[in-house]
Amino acid sequence: MKKRFRKPEDPLQIVIVRDMWLTGFDAPCVHTMYIDKIMRGHTLMQAITRTNRVFKDKPSGVIVDYIGIGDLLKIATSKYTGGGGKGQPTIDMHQALEMFYNQVEICKSLLPEKSDYSNWKGLRDSDKVLLIRKALNGIIKYDEAANQFMLEEKKLKGLLSIVKSQPQIQEHSVDVLFIQHLSKAIRNAKSVKGTRTNQKDQIKELISRSIESDDIVDVFAMAGLERADISILNEDFLLGAKKEKDSIAIKIELLKNILMDEVKLRLHKNIKKYTSLKEELERVIENYHKNAIDSYTTIAELVERAKHLQEEDHRNKELGLSDEELAFYDIIASKKEIIKEAGPIQDIVHGVVKAVKSNLQLDWMSKEDAKASIRLAVKRELRGKVGILELNNILQEIMEQAEGQFAEWRA
């Protein structure tokens, strides 16, 4: 029975306990205890904490007191805090309800203006999507406001788990539904990722969990996007952004997250280029938040940066270089005026990358002798092809790229 009761999916939902399980039994999924026997002191404190384990979406437990153990609990609590324990072990249901009502009002105060969801339960699914999209578009532009809303909704969720059995909370059911659905949409919009280049052409699509328990809504569809893929960011998308102004802030948030994630994934491949691109993206978003540029200009700027990423994907093939060689090509090509050797720069790049890789070893970043071996090998490769005075400068950039690109090297 112990094994079964620890499994939340097991049909065994209620166990009547006399003694043993009250003080020594641990089942994190247990959320409610009904007390109908007198207990005191340490035994009482241990008993009520049978339900206090955090588990998945359960932040706390509920004690249903049938015989009035309030005074005994106060005595036990004073001993608990007197012994060095901190915090308040329980709150009564009346207090929990007051906290719940107050948290609902806090969340409502953070909603965008004109968020009228009073008829939520009577709306068609498509109208619910439009309502969520309108609210999402009104809150997503400013990170601070969106993050604050998600934080307050999380507090509301914790309180809801305590008071959910109380019939009087039903008058706020529509408020809670809308607040939770909007918070999910914000989280989904902020957690969108770009294409995973190390997973070839696999596209990671984002689906929001639900608008109702059985209604799946695609956050990309909300914004007029098909998938989280930089290849869709073209002129057609730009035209769509101009037409659908009611979701333009959502689009900007999604695009920002797709592009920033894509840059983060590629950063080690070309530190100089992608650090610069990351700074450009941050500058665009900062100007947007300051209202220095409008929404349409922001999307145009983001799409332009997406083109840079697309062009980078094609450049390897055109130059006949591998992904790991491209960054070293950019370093050497940027100093082509100091290259003494005739012929394609690609030939020098092949030699430099080979010199670096042939001297890599496990944990080489923490071994000065290993770094020295790489520097020496690269110097030999460039000797006669680059002037002596310029050699040290170009060598420093090559080593910085090697450290970023091959830091996690494994044989």
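Is Phe25 buried or exposed? I looked up Phe25 to open the notebook: with 7% relative accessibility, Phe25 counts as buried. Buried here means under 20% relative accessible area, exposed means over 50%, and partly exposed is in between, with a 1.4 Å probe and protein chains only.

**Ground rules.** I am working with a predicted model, where local features need pLDDT of at least 70, side-chain atom pairs count only at pLDDT 80 or more, and totals for chains, interfaces and linings use all residues. Residues are numbered from 1 along each chain as its sequence is written, and side-chain values use heavy atoms, with hydrogens and water left out.

**Overview.** I found 17 helices and 2 strands in the protein chain. Helices (H or I, at least four residues) and strands (E, at least two) are DSSP runs, numbered from the N terminus. Of the 411 residues in the protein chain, 44% are buried. I also checked contacts, meaning heavy atoms within 4.5 Å. Among those with a separation of 6 or more, 67% come from residues 24 or more positions apart.

**Aromatic pairs.** I get 7 aromatic pairs in the structure. Rings of Phe, Tyr and Trp (its six-membered ring) pair if their centres lie within 6.5 Å; planes under 30 degrees apart are stacked, over 60 edge-to-face, and the rest tilted. Trp21 and Phe25 are a stacked pair, because their ring centres are 4.1 Å apart and their planes are at 15°. Trp21 has 16% relative accessibility and so counts as buried. I see ring pairs joining Phe5, Trp21 and Phe25 into a cluster.

Next I looked at Trp120 and Phe178: their ring centres are 5.7 Å apart with planes at 80°, so this pair is edge-to-face. It links distant parts of the chain, with Trp120 in the loop between H5 and H6 and Phe178 in helix H8, 58 residues apart. Trp120 and Phe178 are both buried.

**Cores.** Which residues touch the most other members of the largest nonpolar core? I noted Phe100, Phe178, Leu182, Ile186 and Leu302, out of 52 residues in that core. A nonpolar core is a set of buried Ala, Val, Leu, Ile, Met, Phe, Trp, Tyr and Cys residues joined through side-chain atoms within 4.5 Å. At least two residues of this core come from each of H5 (93-109), H6 (125-139), H7 (143-163), H8 (173-190), H11 (248-266), H12 (271-289) and H13 (295-319). H8 gives the most, with 9 residues.

I then followed Leu302: beyond its neighbours within four places in sequence, Leu302 contacts Ile252, Leu255, Lys256, Leu259, Leu281, Val284 and Ile285. A second, separate core has 31 residues, including Ile339, Val353, Val386 and Ile398.

**Ser183.** I went back to H8 for Ser183, which is found in that helix. Ser183 counts as buried because its relative accessibility is 0%. Its side chain makes a polar contact of 2.9 Å with the side chain of Arg187. A polar contact is a pair of N or O atoms within 3.5 Å; within protein, one must be able to donate a hydrogen and the other to accept it, and residues adjacent in sequence count only if both atoms are side-chain atoms. Not counting residues up to four places away in sequence, Ser183 touches Phe149, Met150 and Glu153.

**Strands.** How do E1 and E2 pair, in the parallel or antiparallel sense? I found that E1 (residues 32-35) and E2 (residues 62-65) pair in the parallel sense over 4 bridges; strands pair if DSSP finds at least two bridges between them. Tyr34 stands opposite Val64 in E2. With helix H3 (residues 41-48), E1 and E2 make a right-handed β-α-β unit. Right-handed means that, with the strands pointing away from the viewer, the path from the first strand over the helix to the second runs clockwise.

**Last look.** I checked H14 (residues 323-333), where 9 of the 11 residues are buried, among them Phe328, Tyr329 and Asp330.
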